[in-house]
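Please keep the sequence and the structure in view while reading.

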Amino acid sequence: MTMPVPLSVLDLAMVGVGETAEQALRTTVEIARFAERRGFRRFWVGEHHSLPSVSSSSPAVLLAHIAAHTSTIRLGSGGVMLPNHAPLVIAEQFGMLQALAPGRIDLGLGRATGAMPAAARAIRSYAAEGGPDFAGRLADLIGFLDNSLPSGHPHAGVHAVPGPVQGRALGGGDVSGRPEVWILGTSQAGARCAGELGMPFVVAHHFSTTETLPVLEAYRRSFRPSAFLSRPYVMVCTSAVVATSEEEAYGQALTHVVATIRMGVMPPGLIPTPEEARAHSFSADDQAYKERWLSRIAHGTPDRVRAELDILVSETGTNELMVTSNTHDCAARLRSYELLADACELTNRNAEFR
């Protein structure tokens with residue numbers, strides 16, 4: 001059976017030991033092209049900073065490159081970290097993407113920095129003191145995207161371009177709309193923010209599986225219809241590593257787990273090989289951490305992973321499902337998505353989800 005909900009991909013252009021950022025980014029483009037061919041609905045990239053193992057630090061730049069190599073799949077951020085940027089800059093970047101790939105751009109927004117504490121301090125040290133909080137920044141961002149800041153607003157008269165201001169009011173042609181804006185989160189606070197604003201919500205199940213159901217309940221309970229949505233709309237993002245054998249899938253999943261354990265080491269390193277990950281000396285705390293992280297990753301043969309994803313869809317009632325496969329080497333990452341597409345019987349016939 002084909003998947004009962006649309007399936008999408010989140011990719012971080014992971015860099016493993018023995019590989020380079022150039023290879024990782026080429027693989028990201030290759031995965032996006034593959035996802036388009038096989039009927040995945042969206043392809044998103046995430047903003048992270050100061051992590052040598054992650055190359056997707058600038059989603060807008062990477063998405064522009066991917067847009068030039070694709071033609072139908074929706075492209076977006078999972079996410080852009082709103083506290084790191086001036087809303088006007090985000091509106092201009094994603095307005096540019098919308099003009100380059102009309103009707104294909106999603107703007108997923110996060111409430112964190114996507115960085116370890118030291119990197120977060122480096123980012124925020126350049127931010128204006130006393131600026132608005134997330135809700136205030138979000139309101140300004142929507143205002144820039146829609147060219148709808150009210151008179152009396154401190155930035156009234158400032159326009160994000162490309163954007164709606166260039167339309168018929170100035171003698172231009174029809175503007176292609178604006179990016180589809182999502183709120184990302186792992187907490188009930190983020191869920192309530194999305195619900196109260198009537199916006200679609202993505203829950204990061206791959207970060208915290210135990211909080212997913214309470215977070216989704218908070219979103220649905222707090223939802224208020226808006227100009228964006230008439231009813232709650234959810235996407236669950238989860239980790240999945242698929243291989244032809246259980247042993248191989250375990251080894252690839254373990255590489256990501258060991259990499260997260262080592263993130264506290266300065267400087268953090270690249271994603272270790274499966275052999276290096278298996279040889280890692282786990283302390284008692286590390287062992288508990290390993291078990292928790294492995295429980296968050298659907299890993300194994302195609303049939304096993306498909307069964308776990310079906311259960312997740314049923315338990316959460318999600319409208320869409322997004323998967324991320326974080327592995328040591330580029331070939332394993334691409335192969336994981338290929339096997340997953342086969343297991344979920346994705347073909348271009350899934351275009352009805354678009």
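**Strands, helices and cysteines**

Val202 in β6 is the bridge partner of Leu184. Strands β5 (residues 180–185) and β6 pair in the parallel sense over three bridges, where pairing requires that DSSP find at least two bridges between two strands. Helices (H or I, at least four residues) and strands (E, at least two) are DSSP runs, numbered from the N terminus.

This is a predicted model, in which local features need pLDDT of at least 70 and side-chain atom pairs count only at pLDDT 80 or more, while totals for chains, interfaces and linings use all residues. Residues are numbered from 1 along each chain as its sequence is written, and side-chain values use heavy atoms, with hydrogens and water left out.

In a regular strand the side chains alternate between the two faces of the sheet. In β6 (residues 201–204), Phe201 and Val203 point one way and Val202 and Ala204 the other, and all are buried, that is, under 20% relative accessible area, with exposed meaning over 50% and partly exposed in between (1.4 Å probe, protein chains only).

Helix α1 (residues 21–38) packs against helix α12 (residues 330–343) at an angle of about 10°, with axes 9 Å apart; axes are lines fitted to C-alpha atoms, for helices over the stretch in contact, and angles run from 0 to 180 degrees between N-to-C directions.

Cys330 is buried, with a relative accessible area of 8%. Its sulfur is 19 Å from the closest cysteine sulfur, in Cys237, and therefore too far for a bond. The count of disulfides (pairs of cysteine sulfur atoms within 2.5 Å) is zero.
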